[in-house]
Amino acid sequence: MAIEFTKYHGLGNDFILIDNRSSLTPVITPEQAVKWCDRHFGIGADGVIFALPGQNDTDYTMRIFNSDGSEPEMCGNGIRCLAAFLTELEGISRTKDYYRIHTLAGVITPQLTDDGQVKVDMGLPRLLAQEIPTTLAPADNKVINLPLEVAGTTWDVTCVSMGNPHCITFVENVAAIPLESIGPKFEHHPVFPQRINTEFIEIVNRNYLKMRVWERGAGITLACGTGACAVLVAGVLNDKCDRTATIELPGGCLEIEWSEIDQRIYMTGPAERVFTGKL
């Protein structure tokens, strides 16, 4: 039976969205998702996102398969796309200004704004080594500016979990990083038992950072929402940026805030519909 889909992107981080509200089981397998995400023989995307029924007093459930068939806990750009997709499924501009979404990283709350952006309460950052997880430090210690040898080079790294794991390193020139070769070495480094997303960051000023990312299970992407959130946290912890900053990614900019009031991370950015189809 043919399955309808809608393609969305958040700053070029693109996803296939499927209406899966009739079941808590995704309608396609991880193996099928790999084929759908193929940019030459399929639709082409960084992942497939399923809009499933809500659980535990939430409006909906989000699951996602990466382009390699793995399943991440959550995706920042993806959940903005999901929020926009849900308003489309409901057949009106919006039923309310926010959704409570059940994810493997916990309950995430995206809010649709009047200017077409989506602001997402991403929750609290997790900083202990056991929460990442990583063996770079004792389980109940933070990983802030610690040395990590990768491919014969020592990098100073800070690790943050936004429900999924991130390793951040600050560099002089982010454009000079050989992401294609170094990214996989970070992702599969033995100190990260569940693999890792890696962000390379250039500080322009305390309110503006440039970022390139290698995503676990997807490779080089044009944007990573959870990564941008983790980057701001790492920047604050290393006294390199303020608690509100613009993060420039290859696909565009995200506005990230680490609130001093409630200590939660807030991400604001676009979610744009590309096309619909049936496969």
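This tour moves through a predicted model, one selection at a time.

**The annotated cysteines**

Begin by selecting Cys75 and Cys224, the two residues that UniProt, in an unreviewed entry, lists under "active site". They span 150 residues in sequence, yet no two of their C-alpha atoms are more than 7.5 Å apart, so the two gather at one spot. Both Cys75 and Cys224 belong to the lining of the largest cavity.

Centre the view on Cys75, which sits in the loop between strand E4 (60-66) and H2. Its relative accessibility is 7%, and because buried means under 20%, Cys75 counts as buried. If you show its contacts, leaving aside residues up to four places away in sequence, you will find Asn13, Phe15, Met62, Ile64 and Thr226.

Now move to Cys224, in the loop between strand E13 (219-221) and helix H4 (225-237). Cys224 is buried as well, at 2% relative accessibility. With sequence neighbours up to four places away again set aside, the residues that Cys224 touches include Asn13, Asn77, His166, Glu199 and Glu215, and among the others are Met211, Val213, Leu249 and Leu254.

**The annotated binding site**

Next, select the positions that the unreviewed UniProt entry gives as "binding site": Asn13, Asn66, Gly76, Asn77, Asn164, Asn197, Glu215, Arg216, Gly225 and Thr226. Which of this set does the lining of the largest cavity take in? Colour Asn13, Asn66, Asn164, Asn197, Glu215, Arg216 and Thr226 to see them.

From this set, pick Asn197, placed in strand E11 (residues 197-205) and buried at 3% relative accessibility. Beyond residues up to four places away in sequence, Asn197 touches Asn164, Pro165, His166 and Cys167, together with Trp214, Glu215 and Arg216.

Then pick Gly225, which is found in helix H4 and is buried, with a relative accessibility of 0%. Its contacts, counted with the same exclusion of residues up to four places away in sequence, are Gly76, Asn77, Leu254 and Met267.

**The largest pocket**

Turn now to the largest pocket, which holds about 250 Å³ of space. Of the 16 residues that line this pocket, those closest to its centre are Ile3, Glu4, Phe5, Ile18 and Asp19. To see where the lining comes from, highlight strand E1 (4-10), strand E2 (13-19), helix H2 (76-89) and strand E17 (272-278), the elements that give two or more residues to it. Coloured by class, the lining of the largest pocket shows nine nonpolar, four polar and three charged residues.

The model has eight aromatic pairs in its count. In one of them, the rings of Phe5 and Phe275 have their centres 6.1 Å apart and their planes at 80 degrees, so the pair is edge-to-face. Phe5 lies in strand E1 and Phe275 in strand E17, so this pair ties together parts that are 270 residues apart in sequence. Phe5 is buried, with a relative accessible area of 8%, whereas Phe275 is partly exposed at 32%.

**A last stop at Ala271**

Finish at Ala271, in the loop between strand E16 (265-269) and E17, a residue that is buried at 14% relative accessibility. Draw the C-alpha to C-alpha distance from Ala271 to His9, which comes to 5.8 Å although the two are 262 residues apart in sequence.

Key. Residues are numbered from 1 along each chain as its sequence is written. This is a predicted model: local features need pLDDT of at least 70, side-chain atom pairs count only at pLDDT 80 or more; totals for chains, interfaces and linings use all residues. Side-chain values use heavy atoms; hydrogens and water are left out. On a 1 Å grid over the protein atoms alone, a cavity is a set of points where a 1.4 Å probe fits but cannot get out, and a pocket is an open set with protein on both sides within 12 Å along at least five of seven lines; lining residues have an atom within 4 Å of a point. Grid points are joined across faces, edges and corners, and a volume is the space filled by probe spheres set on the points. Helices (H or I, at least four residues) and strands (E, at least two) are DSSP runs, numbered from the N terminus. Ala, Val, Leu, Ile, Met, Phe, Trp, Tyr, Cys and Pro count as nonpolar, Asp, Glu, Lys and Arg as charged, and the others, Gly among them, as polar. UniProt positions are given in the numbering used here, feature names are shortened, and annotations may be inferred rather than shown by experiment. Buried means under 20% relative accessible area, exposed over 50%, partly exposed in between (1.4 Å probe, protein chains only). Contact means heavy atoms within 4.5 Å. Rings of Phe, Tyr and Trp (its six-membered ring) pair if their centres lie within 6.5 Å; planes under 30 degrees apart count as stacked, over 60 as edge-to-face and the rest as tilted.
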